[in-house]
Amino acid sequence: MSNLFSGINARLRGTANKPVPAKSPISSTPLTDDGQLALPSSLSQASQSSTSLSIASKLPPLPASPSLSQTIGMMGSPEEALNAYPLPRPLPVWLNPAYARHIVKGNFMTLSARPKTVEQGEWVAHQVVEHYRNLWNFVRVVFEKEEDGKTICNATSCPRMSAGMNHSYTWLNNRFEPIELPAFEYITLMQRWISGKIDDTKIFPTEASGVSFSYNSQITTTALLTGPDEWVGKRSGFPKDFFSICQTIFLQMFRVYAHLYWAHFTEPFYHLNLEKQLNSCFSHFVLTATALDLLKPQELEPMQPLIDLWAANGTFPPESKAYEYANLKAGARLLQLGGMA
Amino acid sequence: MSEGEFAPPPTPNIESYGPNAVYNRERCYQLAQGFFKDAVRRARERHERQKELKLRLESPELLSRRELIWSHSGKLEAKYLRFLRTKEELSNYAIVKTIGKGYFGEVKLVRKRQDGRVYALKRLFKSEMISKEQLPRVRAERDALAESDSEWVVKLFTTFQDNVSLYMLMEFLPGGDLMSVLIKYQIFSEDITRFYTAEIIMAIEAIHNLGYIHRDIKPDNILLDRGGHIKLADFGLSKGFRKDHEKSYYQELLQRPVPPSSRPQNNRHSVNIDEISLTVSNRAQINEWRRSRRLMAYSSVGTPDYIAPELFSTNGYSFEIDWWSLGTIIYECLVGWPPFAAETFYDTYRKIINWPHTLLFPDDIQLSYNAVHLIRSMINAPDARLGRNGAAEIKNHPFFAGVDFSSLRRIRAPFEPPLTSDVDTSAFPVDDLPQEGDGEEEGGPAPGGGGDASGGGLLLGAEDPEMFLPFLGYTFKRFEKSYTA
Ligand SMILES: Nc1ncnc2c1ncn2[C@@H]1O[C@H](COP(=O)(O)OP(=O)(O)O)[C@@H](O)[C@H]1O
Ligand SMILES: [Mg+2]
Ligand SMILES: [Zn+2]
């Protein structure tokens, strides 16, 4: 573990390997100025939907408030629906239906549907790891040094962890102030934080003997425990804060995807002919995250138009939460603009 | 309207990127492709299991056991999910003994430390695979075994890798291989030959139905399970209809310079080579051949004895090459040595391409008309070979009159391995193989130390051995139905 951290640290700072205390960033003071440890702040600084800054993993579940897209979706024409988003003109390439295609056909939902007998926490853990591995396939492309020592995503190309004009994500420094970091550093710190969680067998247990199953009132007679002392994954040995950790991980992964789309869709993914792969992994990610309540509708904001498009073009089936969260009018407008309506 | 237009997509320009980006592009491409292929397969299998579960839950006879069925299913699925999340490494296994060896790697009997289960672990060295250009071979074997779910094919549970090696964790087949049985008994009766041949037909048919040509059907690749029934192994040369398997292995073999020892002029006795081994009076020579055949199996060239002639030509070949190989095995079971046995690779090769003249039956061994007829129809030109229209025409040959192919696995096999424990290796040539240490505790870093990436997290950068392009997508994990709760 310390190898992993210090390896990254060395790469990042050019310093000698220094073991990093594997403390929880929630309880410990985040230290960003020496690159040791920090945690992501949960909300984007410039997001219209919120003003408060707080620590993600401490957040109580937010009430399901209607998202911006839904509110807009109630009224107006498709054109107005799309214009309500703060999008640059001309529109980004990735919103063009011709470039929003996939390498997979069929219903993605079958990939993330929990088998009925499987305990929810076990399934969530599985999804976290799979999506993390997928996302990292793409990050690696923009993060690995070229022969001249440069990475595609660097402090010059991406001085901030941005996702479009209105979103720039910050970290909390040791005085709990949000600070801006180049995307490369933000993502590096975030990756270290996530892998620290995933590799911690107290949070993600791996012993085969510790498994459980889901309750079914029709079949299982075991007392159905509900109440304050029951949590997702409890019976399978996951800790009390497991689900909120997973929510934070998904939120952070979402931000990375958002950065990849807004800052790197053409350079390099489109140039490298990887845009369909990226689309497929991201749409699978959104379907999973929404279906398992790992992302809330308002958290989808920077990528909302693409989600609308995928709902309108059938990538997201009508029975999915992602579809429910989409603004079909805006999606239809994008299809229309792309000559596909 | 102009406000609604999309930014014009640039012309894709991969050339503007450096070699590392291009390399990473390829990795990313393959991993994404591989993820979905794997995820779809897993979802489909999961769906099948859920359907089966539903049927069992609805069955009136099982009413009293419904809770157990439900919880068992949940736990089994969960164990599989944990298996997927975690990283396999050599140190998870205690090595019991080396039981087999091929040119590229070795096969060991191992015990999983976590649950005490016994497996066969095949290890291939990455450096060898690269320097000897065996990558398509590695890939072919992994794919064929991962994709098949047949009782006739050795089951692959998982594949994993570290910096040095690739590993294939398979079910351990305690009966050894057919080569050992042949070495032990020298000759089979027609009844026993009929049994093994019928089972091998089923096995070859099963892999052909999956779209694979085995290309290396020979006695040391036919293994016996605990009941003495056969399973095919060693798909290293198998050819599926995938681009990454393409490589004319034998073509290459023949283009290599002939080693001096196998050059005909160096071999004075080879003048009459076509006539050797044709009588039982040549026992000494046959035994010599038998003794050397194990060693042959360990050598780079392998034995060409079972290879169909069209594999040596450039004109292409198809599924029927496996039926030729079976023909040579039937001959060997009945006669005691394969039909084109010779002292050197080169002489055997010469005999095979001259098969119309060199396929001879010894006078002093009594064979039935049907047996000879069957062999001659399989050791035959590709366009006339029995089996070219499918396995059914072989099954209908009079040699198999009365055989019920569908129930073969339910009848008792002629030789049932007498096993004394779950790690009984008496069917294997363990004494001929180098055994490191005294069983237990060999190889692999100590648990927790020196491992590569741990858990589900991935290292950032190229240090993760799984991220090395040639072996990308090698890692595979099968759902294990027989997990004990
Ligand atoms: N699953 C297994 N169970 C028992 N023995 C095995 C198993 N797999 C291989 N062996 C033994 O190891 C030998 C070599 O394995 P094989 O897969 O054929 O490797 P190679 O490609 O080197 O020929 C086989 O001939 C057989 O005797
Ligand atoms: Mg072999
Ligand atoms: Zn960037």
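**Exercise 1.** Work out whether His259(A) is buried or exposed, and place it in its secondary structure.

*Solution.* Start with accessibility: His259(A) counts as buried because its relative accessibility is 1%, where buried means under 20% relative accessible area, exposed over 50% and partly exposed in between, with a 1.4 Å probe and protein chains only. Helices (H or I, at least four residues) and strands (E, at least two) are DSSP runs, numbered from the N terminus. Last, look at the surroundings: beyond residues up to four places away in sequence, His259(A) touches several residues, among them Cys153(A), Cys158(A), Arg160(A) and His264(A); contact means heavy atoms within 4.5 Å.

A word on the ground rules: this is a predicted model, in which local features need pLDDT of at least 70 and side-chain atom pairs count only at pLDDT 80 or more, while totals for chains, interfaces and linings use all residues. Residues are numbered from 1 along each chain as its sequence is written, chains are lettered from A and ligands numbered from 1 in the order in which they are written, and side-chain values use heavy atoms, with hydrogens and water left out.

**Exercise 2.** Find which atoms coordinate the zinc ion (ligand 3), and name the geometry of the site.

*Solution.* Donors are N, O and S atoms within 2.8 Å of the metal (3.2 Å for Na, K and Ca); water is not among the atoms, so sites may look incomplete. Second, check the angles: they run from 103 to 115° among the four donor atoms, and the site is tetrahedral. Four donors count as tetrahedral if all angles lie between 85 and 135 degrees. Third, read the spacing along the chain, which is C-x4-C-x100-H-x4-H.

Now compare with the record: an unreviewed UniProt entry places the feature "binding site" at Cys153(A), Cys158(A), His259(A) and His264(A). These positions spread over 112 residues of sequence, yet they cluster in space, with a largest C-alpha distance of 10.1 Å. UniProt positions are in the numbering used here, feature names are shortened, and annotations may be inferred rather than shown by experiment.

Finally, consider one of the cysteines: Cys153(A) sits in the loop between α5 (120-143) and β2 (161-162) of chain A, and Cys153(A) is buried, with a relative accessible area of 1%.

**Exercise 3.** Identify the side chains that make polar contacts with the side chain of His102(A).

*Solution.* Begin with the location: His102(A) is in the loop between α3 (78-83) and α4 (109-112) of chain A. At 17% relative accessibility, His102(A) counts as buried. Then take the partners: Ser280(A) at 3.5 Å and Thr315(A) at 3.3 Å. A polar contact is a pair of N or O atoms within 3.5 Å; within protein, one must be able to donate a hydrogen and the other to accept it, and residues adjacent in sequence count only if both atoms are side-chain atoms.

**Exercise 4.** Classify the aromatic pair of Tyr261(A) and Phe282(A).

*Solution.* Rings of Phe, Tyr and Trp (its six-membered ring) pair if their centres lie within 6.5 Å; planes under 30 degrees apart count as stacked, over 60 as edge-to-face and the rest as tilted. That rule gives 39 aromatic pairs over all chains. With 5.1 Å centre to centre and 50° between the planes, Tyr261(A) and Phe282(A) form a tilted pair. Tyr261(A) lies in helix α7 and Phe282(A) in helix α8 (residues 275-291) of chain A, so the pair ties together parts 21 residues apart in sequence. Both Tyr261(A) and Phe282(A) are buried.

Methods. Four donors count as tetrahedral if all angles lie between 85 and 135 degrees; four count as square planar and six as octahedral if opposite donors are over 155 degrees apart and all others between 65 and 115; anything else is irregular.
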